[in-house]
Amino acid sequence: MVELLDGAVEEAYALAGLRYRPRFTPVMRALMVCEPSTIGQIAEAAKITQPAATQTVALMIKEGLLASEPGPLDGRQRLIRLSASGRAMLPRLRECWKVTQLAAESLDASLPHPLSTLLDEAIAALGVESFGKRMAKARTQLPGAEPPSSKSAAGKRNSGAGKNAAKKKRAGDA
């Protein structure tokens, strides 16, 4: 589903003459509200993890959409802002985001239940029981399966993966 949606959105950006990825949208929107911002502030505003924000900001700097400068009190802290190129792109991005919103509304209208509602419900359900825990339970239903150790590294690493992916998708819907 994410691949189908993001692929179409990325194609729309290309048709609009933009070198831009859907994953940039949460960072771009966060900076439109408050800049300069630290990576942590961007992650919080965009509702993405700090590692995801760090990776995305690095890609956006490489693409020339963002600029980074040392913080005034601590040179190790980086302040991120839109570059001139990133700022110049905003009118076309806003148009693309509006088209994406209208397309999402069209999709919602053709479904028995709006996709946005289903995503909100899925995120809430994953907040109650993570996808990693659900997978661990499912594994025990296989014939002859041994229960995984409750403190395995894989269990810790993957316990929030579904929740974070859903959060990222929700934040990146544009």
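Predicted model: local features only at pLDDT ≥ 70, side-chain atom pairs only at ≥ 80, totals over all residues.
The peptide bond that joins E35 to P36 is cis, with an omega of about -5°.

## How α3 and α4 pack

Helix α3, which covers residues 39-46, packs against helix α4, which covers residues 50-62, at an angle of about 110°, and their axes lie 9 Å apart. Angles of 65 to 115 degrees count as roughly perpendicular, and α3 and α4 are therefore roughly perpendicular to each other. The crossing of these two helices, α3 and α4, is right-handed.

On the α3 side the contact is made by I39, G40, I42 and A43, while α4 contributes Q50, A53, T54 and V57.

With a relative accessibility of 57%, K47 counts as exposed, since exposed means over 50% relative accessible area.

## Cysteines

A disulfide is a covalent bond between the sulfur atoms of two cysteines. When cysteine sulfur atoms within 2.5 Å are taken as a disulfide, the count comes to 0. As for individual cysteines, C34 is partly exposed, with a relative accessible area of 42%, whereas C96, at 9% relative accessibility, counts as buried.

How values were computed: Residues numbered from 1 in each chain as written. Heavy atoms only, no water. Axes fitted to C-alpha atoms, helices over the stretch in contact; angles between N-to-C directions. Helix = DSSP H or I, 4+ residues; strand = E, 2+ residues; numbered from the N terminus. Parallel < 35°, antiparallel > 145°, perpendicular 65-115°, else oblique. Left-handed = near helix turned anticlockwise from the far one by under 90°. Contact = heavy atoms within 4.5 Å. Buried < 20%, exposed > 50% of the residue type's maximum accessible area, 1.4 Å probe, protein only.
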